[in-house]
Amino acid sequence: MGAAACIKKTLYLGRILCRKRLDGKLDLRLFIHAGILLFLILSANAGAYTVPAGFTGSPDYISEPLLTAVEGTQPLTPEQALHELSFSRIHFHQANDLSTEAYWHKIEFPPVQTPTELILRLSNIMIDELDFYLIQEGQVVHHWVRGDTQKWTPDAPYASIWFPIELQPDTESLVLIRKASDGPLLFPLRIMSPQQFDQLTELSFKIWAAAAGALLILLIHNTITFLLFRHPAYGFYILFHLTVFLSLGVTQGFGPWLWPMAFNQFLGSIILTLYTLSAWSIFHFNLQFLQIRTRSPRWWHYRRLADLAFATAVVISLLMSQYYYATPFSILQGVVSILSLYWGITILRRGFTPAGLYLVAWSFFIVGAAIGGMVFRDQLPFNNFTEYALLASTLIELLCFSFSLTRRSQYLESEKNQQLMTNPDSGLPNRNYFLNHLHHQETLPNLSVHLVLIQLSGITELSEAVGPGSAVKATAILAKRVNQALESEPCIIRHQLPNISQACLIDMDQGILIFLCRQTSRPQEIIEHLEPVLNRTIHLEQIEFQQLFSIGVASGCLNRLDITTLYQHAQLAARANWRSNHLWSQYQPDLQLHQHSQLMLVAEMSKAIKNNGFTFVIQPKVELASEKINSGEVLLRWQHPTLGMVSPADFIPLAENVGLIYKLTQLILHSVLSWMQQHTEALQDTTLAVNISARDLLQQNFALGLIDLCREYGISPRRLVLEITETAAISDRGQAVENASLLRAAGFSLSIDDFGAGYSSMQNINRLAPEEIKIDRLFVSDLTNNETHQTLCRSLIHLSRDLHTHATAEGIETQEQLDMLKSWGCHSAKGYYLYRPMPPDDYLSLLLASTDQTGSYEQS
């Protein structure tokens, strides 16, 4: 209600009161109405801004409300507004918030004695329609158009929104301001002298130059970084940076200083669209920077749904006015901010340290955005602090984001190095660390050290029982226990890792653990301290598992010995420890010589296989019931040019260990089949036994290859017995069982050699279903004097009879041994007492001679 209307109403009520007083009737309601109207009259303009007399300008913002009026539904001219509208301070705060109304402000200037120039400066350039009228003596003398959607007239150098007011003596002057906008109607106004304006303009240009320069430098820096690394986080950060740069140019007023006014006005018209795009880009920046895909994958699945929500918000922001979209956008911005803080705190707790700077950046941004939002909604005063709070917080945020990206790159590089240098299961330094980084350790002394190597066994068997993942887990558990036990030992050399952690133990993979200690201590005490830890049971998938181990120690001075040489020495010592009754073994030089001889033997064996340097002999096998030679066993021989006769006990296990056994088997099979092809008639009533390794059965095409080989030489598989040596365990793999089935189906006879002295004998009977089992010479050699061996041999013979297989005794050296075995029902026998191994031609001669002699053995 205007002041004039209030006065008229009060006069009307006064007449009524007088009339009632004369009538002697007074109504309390009339007094209340009168009091309210009097308060409105007195308070309508109370506290409103008035230009004091003698005012020469102030650099401070006007803090008091301006006289304000609502235009109504019809646009008014300044003359109409001046005479028809009632101005008061009541509508001022409403006129500074979001509104669909048009408002008028009035500023009256007191008379001046001398001509005075003042400059009116406004800091909000985002008001859509903004007109300033200087009225003197009731006439409009100047009109300035400065709206965000209007063409600015008259032209003036840009320094935000400003215009001069020239006051003349004895002249009534006032300024009428009309404003209307979809966006914030905030009206931060200053009235200052020209000198104050020049100083403020210079300061504004400096602030704008500093802000724009910092933003551009950061943008260029991060663009170059993105082009170098091509990481998505940098791309979304650059998009966020660009939208923030453009939006700050509009809201802070430095935009028209950098680009054309028309472009600035366009940006102002889509300012909330820019904000929405910045929210979308920072959302995806968060996903990439915090590695949500791997560190919190359940949130990663919602990203497409979030993209759809952001796309919808962008479309709505383009179609809907800022007045209606401002509240939904505030909710969207709040959700993104809360989600970002939640992600940052969660990921930081999980050890991702770059999230710390990320949270600092977000904290500054949220505080600055909150201050900026409250200022533009007229909930906080517009002053020198709040004016630049959003700009300062955004610069700090972008700077922190830039630093956090650099810190993230460093962290990921450190994490990558950590992964390269540590075992993923145990978290301990690995083989790569030992070979490539250990010598860089400053803590590694140049004095004498002990290198202790722990070789674990049974990992393959455990893997077959519970799976490879669980087997690796069991090894990791043991490695962690050992590392923890070593932490209390002061002489242990610690290893610094990229993540600033330390470890005492190095996990070399393949069941090898090593640690280093100074030679000032004795390894005996440390190893004895570790023994109960190594012997402790591991509970794994309802299985109690105890790891077997051997320990080797190598000592030396690192000034003279390379660390890898010490490692090799410790390996040799650990290998020797398997054959020892002691807890650990110290490296001795003769172990190196033995290793060198083994390597040399492997090289020579490879040459011999390539040059067909192996021959074979045959040892006859006698059927005890008929006392006739019923078969012969092929025995491999290697006559080396310089080493002489190399024992099969030396080269066959070595061939199995280094993977040459398959080639060796193929070589002897070709030689035997070729010889049998040449003497088919002489061998037609007998069989020949050829030794194959258990490892041969694990070859994928072994059975089919052997069947084809027999077909190539024209030899019936029924004339061959395949003796499987038990120097290695036959795991229950489908390949071994499949090969055995194919060989039996083709007509080959299977025999288990050295039965009872190898690995898993009873399991092999079940898996291979052999036609023969051969009792190892270990049980036969002292048969006459050892009752235990007598019981074992007798039991094995009875077992073979029950299983419908033949029992063959090896290593017969006396008549007494022969008689005992024959009395127990042993089917066949061979040994030096019967026949020694002989050349193939001698074996043929023996077969021809034995056809006419039965009941007697040709001893040699």
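## A salt bridge to start

Glutamate 627 and lysine 822 join their side chains in a salt bridge, at 3.3 Å from N to O. The two residues sit in distant parts of the chain, 195 residues apart. Glutamate 627 belongs to the loop between S18 and strand S19 (628-640). Lysine 822 belongs to helix H30 (residues 815-823). Lysine 822 has a relative accessible area of 37%, so this residue counts as partly exposed.

The model is a predicted one. Side chains of opposite charge can pair when their charged atoms come close. The structure holds 16 salt bridges.

## Buried charged pairs

Glutamate 387 and arginine 190 form a salt bridge through their side chains, with 3.9 Å from N to O. Glutamate 387 is in helix H15 (residues 384-387) and arginine 190 is in strand S8 (residues 189-192), so the bridge ties together parts 197 residues apart in sequence. Glutamate 387 is buried, at a relative accessible area of 10%. Arginine 190 is buried too, at 3%.

Lysine 621 pairs with glutamate 772 in a salt bridge, and their closest N and O atoms are 2.7 Å apart. This pair also links distant parts of the chain, 151 residues apart. Lysine 621 lies in strand S18 (residues 614-623), glutamate 772 in strand S24 (residues 772-775). Both lysine 621 and glutamate 772 are buried.

## A charged network

Salt bridges also link residues into a network. Its members are Glu633, Glu723, Asp753, Lys774, Glu810 and Lys830.

Strands of a sheet pair through backbone hydrogen bonds, either parallel or antiparallel. Here five strands make an open sheet with mixed pairing, in the order S12-S13-S9-S16-S17. Strand S12 (506-507) and strand S17 (585-586) are the edges, and each pairs on one side only. Strand S9 (residues 448-457) runs antiparallel to strand S13 (residues 512-518), and seven bridges pair them. Valine 452 faces phenylalanine 515 in S13.

Helix H19 (residues 468-486) packs on the sheet and touches S9, S12 and S13. Its direction makes about 150 degrees with that of S9. Helix H21 (residues 563-577) lies across S9, S13, strand S16 (548-557) and S17. Helix H21 runs at about 140 degrees to S16.

## A buried threonine

Threonine 665 is part of helix H24 (residues 661-678). Its relative accessible area is 3%, so threonine 665 is buried. Leaving out residues up to four places away in sequence, threonine 665 touches Ile692, Asp696 and Phe702. A polar contact of 2.7 Å connects the side chains of threonine 665 and aspartate 696.

Technical notes. Residues are numbered from 1 along each chain as its sequence is written. This is a predicted model: local features need pLDDT of at least 70, side-chain atom pairs count only at pLDDT 80 or more; totals for chains, interfaces and linings use all residues. Side-chain values use heavy atoms; hydrogens and water are left out. Two strands pair if DSSP finds at least two bridges between them. Helices (H or I, at least four residues) and strands (E, at least two) are DSSP runs, numbered from the N terminus. Contact means heavy atoms within 4.5 Å. Axes are lines fitted to C-alpha atoms, for helices over the stretch in contact, and angles run from 0 to 180 degrees between N-to-C directions. Buried means under 20% relative accessible area, exposed over 50%, partly exposed in between (1.4 Å probe, protein chains only). A polar contact is a pair of N or O atoms within 3.5 Å; within protein, one must be able to donate a hydrogen and the other to accept it, and residues adjacent in sequence count only if both atoms are side-chain atoms. A salt bridge is a side-chain nitrogen of Lys or Arg within 4 Å of a carboxyl oxygen of Asp or Glu.
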